[in-house]
Amino acid sequence: MHIDIITVLPGLLEGPFSHSILKRAEEKGLAKVEVHDLRTYGIGKQKTVDGYAFGGGAGMVMMIEPIANCINSLKKLRDYDEIIYMTPDGETFNQGMANTLSLKKNLIILCGHYKGVDERVREHFITKEISIGDFVLSGGELPAALIADAIIRLLPGVLNDETSALTDSFQDGLLAPPVFTRPADYAGWKVPEVLLSGHAAKIESWRFEQSVRRTRERRPDLMQGEYSEENDDNNIERKDN
């Protein structure tokens, strides 16, 4: 997978991709993230990338010309499956979207700034608009890093235990169950006996039940379809059997 990130502040993205899982993914040749400074494509001696909004109003707008030049330059190198724009009014990112994007080969992520980009960029270049939540940040760099992390960790071979990503929260529409490790008894706080039983079926059933209950308590908005409250007991009973 190749991910190109376009930004006016490339320094914000130096850290996330030089450590941990993302670094290992690149070392293994499974994914590569390239950060492109939009000011390289800026206009005039000042390398300008923003201008005042037509019609007036507060704030600056990212100009179409530098963005178009950058994207067109990248398109000469490879074909892209998606050109993504990080924006508060985009589709809310979730695990299902991460799964879908992890199947792609080449992605561009454009980081918004100021009051956003010239609307013509969105109309003629962008194929997918993504938000990470109902709030506003100073720019799209941190959301872009978040998206890249969520996608890359799903690629086969990135995680040492390839089944780990399949048991993450949201993969089955539920939050992950509680987890415990050694010691089994700390200051009188004990690990649930079922996890020490060695009985795989009972452990799986307990984890499923805990996932359903935790989701109901913390994210009831996820409790739909087969995991809705009215179907919860039937699901747990079916899992036990």
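Strand E6 is mostly covered, with six of its six residues buried. The model is a predicted one. Burial in E6 applies to both faces: Asn106, Ile108 and Leu110 lie on one side, Leu107, Ile109 and Cys111 on the other, and all are buried.

E6 has strand partners in E1 and E5. E1 runs parallel to E6 and is joined to it by five bridges; within this pairing, Ile5 has Ile109 of E6 as its bridge partner. E5 also pairs with E6 in the parallel sense, over five bridges, and here Met86 stands opposite Cys111. Together with helix H3, strands E5 and E6 make a right-handed β-α-β unit.

The largest nonpolar core holds 29 residues, and the members that touch the most others are Ile3, Ile5 and Ile152. At least two residues each are supplied to this core by strand E1 (2-7), helix H1 (20-27), strand E5 (82-92), helix H3 (95-101), strand E6 (106-111) and helix H5 (141-152). H5 gives the largest share, seven residues. Leaving aside residues up to four places away in sequence, Ile152 touches Ile3, Leu22, Ala25, Ala31, Val33 and Val158. A second core of 19 residues is separate, and its members include Leu38, Ile83, Val117 and Phe125.

H5 itself has 12 residues and reaches 16 Å from first to last C-alpha, close to the 16 Å expected at 1.5 Å a residue. Because nine of its 12 residues are buried, H5 is largely enclosed by the rest of the structure. The buried residues of H5 are Glu141, Pro143, Ala144, Ala145, Ile147, Ala148, Ala150, Ile151 and Ile152.

Some backbone details in the loops remain. Most residues other than glycine have a negative phi, and most peptide bonds are trans. Lys47, in the loop between strand E2 (32-37) and strand E3 (50-52), has a positive phi of about 55° although it is not a glycine. Lys47 is partly exposed, its relative accessible area being 39%. Tyr114, in the loop between E6 and helix H4 (119-124), likewise has a positive phi, near 55°, and counts as partly exposed at 37% relative accessibility. The peptide bond between Arg182 and Pro183 is cis, with omega about 0°; Pro183 is found in the loop between H5 and strand E8 (185-186).

Conventions. Residues are numbered from 1 along each chain as its sequence is written. This is a predicted model: local features need pLDDT of at least 70, side-chain atom pairs count only at pLDDT 80 or more; totals for chains, interfaces and linings use all residues. Side-chain values use heavy atoms; hydrogens and water are left out. A nonpolar core is a set of buried Ala, Val, Leu, Ile, Met, Phe, Trp, Tyr and Cys residues joined through side-chain atoms within 4.5 Å. Buried means under 20% relative accessible area, exposed over 50%, partly exposed in between (1.4 Å probe, protein chains only). Helices (H or I, at least four residues) and strands (E, at least two) are DSSP runs, numbered from the N terminus. Contact means heavy atoms within 4.5 Å. Two strands pair if DSSP finds at least two bridges between them. A crossover is right-handed if, with the strands pointing away from the viewer, the path from the first strand over the helix to the second runs clockwise. The expected span of a helix is 1.5 Å times one less than its number of residues.
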